[in-house]
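I opened this entry to get my bearings in a structure that is new to me. My notes follow the order in which I looked things up.

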Amino acid sequence: MTGPRKGENESEDEAGGIAGPARREDEALLTGRAEYTDDLRDPDAAHLAFVRSEYGHAEIEGIDATAAAELEGVLGVYTWDDVAASESPGVLPSSTGSLDCEVPAHPVLARDRVRYQGQPIAAVVAENRYRARDAVDAVAVDYDPLEAVVDSVEATAEGAPTLFDGAPDNVAATTDQGDREATEDAFDDPENVVDIELENNRLISSALEPRAALAEYDAAEDRFTVTMTSQSPHGHRQKLAHTLGLSERQIRVISPSVGGGFGHKGHHHPGEAMAAWCARDLERPVKWTATRSENYLEGAHGRDHRTTAELAIDDDGAIRGLRVETHANVGGYGLDGGASMPGWYGGLLSSQYRIPAIHCETHAVFTNTAPVHSYRGAGRPEAIYVTERLVDVAARELGIDPVEFRRRNLIEPDQFPYETPVGASYDSGDYERGLEEALELADYDDLRARGRDRDDGRLRGVGVACYTESTGGGFESGVVRVHRDGGVTVSAGTHSHGQGHETTYANLVADVLEIPTDDIDVMEGDSDSIPTGTGTFGSRSTIVGGSAIVESAEAVLAKARRFAADRLEVEPDAVAYGDGEFSVRDGAESGSGSSADTVSFADVAGMAYGWGVPEDMDPGLEETTFYEPDGTAYTFGTHVAVVAIDPETGELELERYVAVDDCGERLEPTIVEGQVHGGVAQGIGQAVSERASYDGDGTLLTNSLDSYAVPRASHLPEIETGQTVTPSPRNPLGVKGIGEAGTIAAPPAVVNAVVDALAHLGVRHVDMPLTDEAIWRAIRDSK
Amino acid sequence: MFPPHFDYHRASSIDDALDVLERHRDDDPRILAGGHSLLPDLKNGRASPDVLVDIGEIDGLRGIESGVDVESDTDHGTGQTAIGALTTYADVLESDHLERHAPVLTDATRVLADLQIRNRGTVGGNLTAAEPGADLPAAALAADATIHVRGPDGERTIDAGEFLGADGSESALGERELVTEIRVPPSPTGGYAKKTHPASGYAMVGVAAVLEIDTETIADARVAATGVLEHAVRLTAVEDALVGERVDEAIETAAERAGETIDPADARSDDHASGEFRVHLLSTYAAQALERAMEVDA
């Protein structure tokens, strides 16, 4: 996978800009030529908008849509009664796993009760989006407000308001991972137990592009085309079919250019489904584009755990056991698997350590908040944060340097594959090498030697976080289609919305077929044109989609070789291939009557679709692979944060940030680097400034970018990156996913650094986000 | 993205704008300049005027004129600088004259929002909207600015404190009045220090300071804060502690008194900074502002 590639796109440097290999997709994205869903102009399209609940918890006593329906240009005003009277079930599939309770699925429009602020109550369709908004304002909803609960621990307390009769304690599911008894045994000596109580703050996905859909219905064919902001076109086809009561064959989902996803564009929400439902009812294309605030209100949000955890340690500093109980807030409904997602949260609690016994009890809890689902990292940041905080606290209480304590407990290179007590099977790793690499890059010993105080009056701290990340689940399809002229179209069931698949996939195929990347097109995001797929999330695309494509490309080359052998009149074994040309291998016996010494890849393509293909061969040069890896690939690494804190104001400066990641083979180093930078930025956002906040009535206080603090470029330090390379044995490319690593490692690295700076004052823990005020209070309260 | 319906007038002159305001006096008319406060209000449903009067094309409302350099023009008073209401933040930053004669305005504008906003937002709009965390209200109080307005009854001049409701009262600007310019007396010193809110970009706390120094002794001091209360406010305890003291000794002890006059219970509060924390930060930022003011003088 190394060395220069033919036809590689070099970026222009005429304006004195950054030179280097550009991603193939960048020119269209940067010049505004890329088309996003809201850019699509359908002159006949009507526009959908929602009446959303003002309350976090309320009974709906009545909806008066008369005035709205009478407005000029309003085509329809719909409530649940209209959906119920139709042939569609009208609910979002609630869970991909099992819950402990019988609760209703999320209806596309509220039935009689609303369970979170922003839940859709009525849908309005009008000739234009402005009139639709006017009509929304004209719908009068009569609410009977109910007492609300927004905190996952309070929701399970005696006497808390109940969201669903089927879950009287608001618990959707309780999951046990690991061995409870073995873990209790590990905690038999109360002397050597360290505990911590922490919150993993609720986050809001702030993709640049809000969610949007353009739904068209073909009555003659009884078939939908839904163009939408999807990370998972085939996944959304399946979910839309469920909500609309159709077969998947009746729905085509197209996902054009998409401006970021982070998980929430893989989930199934009411907006897109209702656009389709309305398109059929009105026999008009219907367009819906969420506003930023709508995106913020309806989620899905991420994280939101409240956790208690304990670590048992030997006298010599060896970890004996880890015990965790967490309350995961899943919001007002189990949205599309969101309520069962916390069930696998505990799988990464072992992080990089040999922990003989682990037990984790996870409660997924309904509250009057927006549904919570996977958000970049999706369970892994929550788990690693617990372990990495606890390890740091333990080291400090034992009087051991946190790095030394980690070193003593790392899983050794010869222990792979390593089975953790919580069901993870780590494929490969050299954790100590990654740790040492990061320490060297950060100059850790020097940082430690320089100590906490400097002459500028600020307090210094160094934080280290080691992590593991499960990547590459599920299957994917990969198609390599060679056209008659030798051009190639590659497609996969993944979807690139920032990940650079066009570049990665084209280069993978160019490497196998030895043709210029300019002769290769990459296609994603159309459920009709691509056999099937799972989508892009969970750091999986290169592992699963990339492997599927490479397998197809190799099969194409093998078949091409047989065509070439026929033309060259030799056995396929005697055919050599290089630089797009087949020839007779040196020393092989050449065909007696062969008229050609060489035959090009394009010539072979012509043969494959020409008259009279060789007798023992089928025409065509196209292969489809459905690929599933031989198991999960576990990315790992160590990140180091260096902070300076002003003790008077609590102001935090991230002086340095070092990220050393091992994602196996790096196919596209620049893209890997970009993923690390983006992930670290998001992780720092969680650590220092982001927190979705509700008041006690279930009103979202951080309902716009004016109050929800996403980090800006100026808030971030320079990110210094390094790498180790430990290939995964579980896929042919030897790769591991890298999309989420930064979101996992950065929060504990930053919090560990801040606590390190304040430890001498007696500060043991500070919950995220580490706002200036949070740090100031920690200092003040320690005095 | 979804503003309510409104009528739009592009005013050709101040008289035209005043005429439209008068004619639509019952339609809740609003003036549109840079649009950075009004448009978000429209989009979020916080304002729904029936009429917008766009003053952006009116000649003569933009620009910086120095009284010092215009001997024949007595309107500007001795040495005052006049800043047209439509002068953009970028214009302010480009003015060497302001940097010399009203450095507190330059210093506050330097950290005001970002490049795009500085190219579009206006000084008059900023002071009229007087957002609770806006930077210029504090600078205008410290600069001892006066606001010149025109209305149905002609021209009048309003002291910045009265205009900004710095004592907690309503702004003195009349409904059918238009800000035409802001005038500041010359002062060689001035500095502004700001704790930027991580989400909004407005000041969580901002302090502006102008000192008048007479041979090492502080003859007069004007110190004002933004972001802490719903309106900008003079920090009189700091001012009192400075006047009559030696420059090199007074700053630290004076700055410590910054929070004295404000009850944390009255202060603005959100997830990022409680009222208590904002009041606590005042001392640090007052000290920084005073130090910046001194640097300018040096």
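Below are my entries, one topic at a time.

**Ground rules**

I am working with a predicted model, where local features need pLDDT of at least 70 and side-chain atom pairs count only at pLDDT 80 or more, while totals for chains, interfaces and linings use all residues. Residues are numbered from 1 along each chain as its sequence is written, chains are lettered from A and ligands numbered from 1 in the order in which they are written, and side-chain values use heavy atoms, with hydrogens and water left out.

**Where the chains meet**

I began with the interface. I found 25 residues of chain A in contact with 17 residues of chain B; contact means heavy atoms within 4.5 Å. The two chains bury about 1,800 Å² between them, and 52% of that is on carbon and sulfur atoms. Buried area here is the accessible area (1.4 Å probe) that two parts lose on being put together, summed over both.

Next I looked up the charged pairs. The rule finds four salt bridges across the interface of chain A and chain B. A salt bridge is a side-chain nitrogen of Lys or Arg within 4 Å of a carboxyl oxygen of Asp or Glu. I noted the one between B:Glu276 and A:Arg777, at 2.8 Å from N to O.

I also looked up polar contacts: 14 residue pairs between chain A and chain B, both residues at pLDDT 80 or more. The term covers a pair of N or O atoms within 3.5 Å; within protein, one must be able to donate a hydrogen and the other to accept it, and residues adjacent in sequence count only if both atoms are side-chain atoms.

Then I asked about helices on the chain A side. Helix H4 (129–138) and helix H18 (772–782) of chain A each supply at least two residues of the side that touches chain B. H18(A) gives the most, with five residues. Helices (H or I, at least four residues) and strands (E, at least two) are DSSP runs, numbered from the N terminus. By kind, the residues on this side of chain A divide into six nonpolar, eight polar and eleven charged. Ala, Val, Leu, Ile, Met, Phe, Trp, Tyr, Cys and Pro count as nonpolar, Asp, Glu, Lys and Arg as charged, and the others, Gly among them, as polar.

**Two sheets in chain A**

I turned to a sheet of three strands. It is open, with the order E26-E27-E28 (chain A) and antiparallel pairing. Two strands pair if DSSP finds at least two bridges between them. Strands E26 (575–578) and E28 (598–600) of chain A each have a single partner strand, so one side of each is left without a neighbour in the sheet. The twist averages 25° from one strand to the next. Four bridges join E26(A) to E27(A), residues 581–584. A:Val575 stands opposite A:Val584 in E27(A). Helix H15 (residues 601–608) of chain A packs on this sheet, and its direction makes about 75° with that of E28(A). Axes are lines fitted to C-alpha atoms, for helices over the stretch in contact, and angles run from 0 to 180 degrees between N-to-C directions.

I then looked up a sheet of four strands. Its order is E25-E24-E23-E29 (chain A), open, with mixed pairing. Here the twist averages 15° from one strand to the next. E23 (residues 476–482) and E24 (residues 488–492) of chain A run antiparallel, joined by five bridges. A:Gly478 has A:Ala492 in E24(A) as its bridge partner. Helix H13 (residues 501–513) of chain A packs on the sheet, touching E23, E24 and E25 of chain A.

I counted 78 salt bridges over all chains. One of them joins A:Arg458 and A:Glu655, with the closest N and O atoms 3.7 Å apart. A:Arg458 lies in a loop and A:Glu655 in strand E31 (residues 652–662) of chain A, so the pair ties together parts that are 197 residues apart in sequence.

Most peptide bonds are trans, and most residues other than glycine have a negative phi. I noted a cis bond between A:Met768 and A:Pro769, with omega about -5°. A:Ser351 has phi near 45°.
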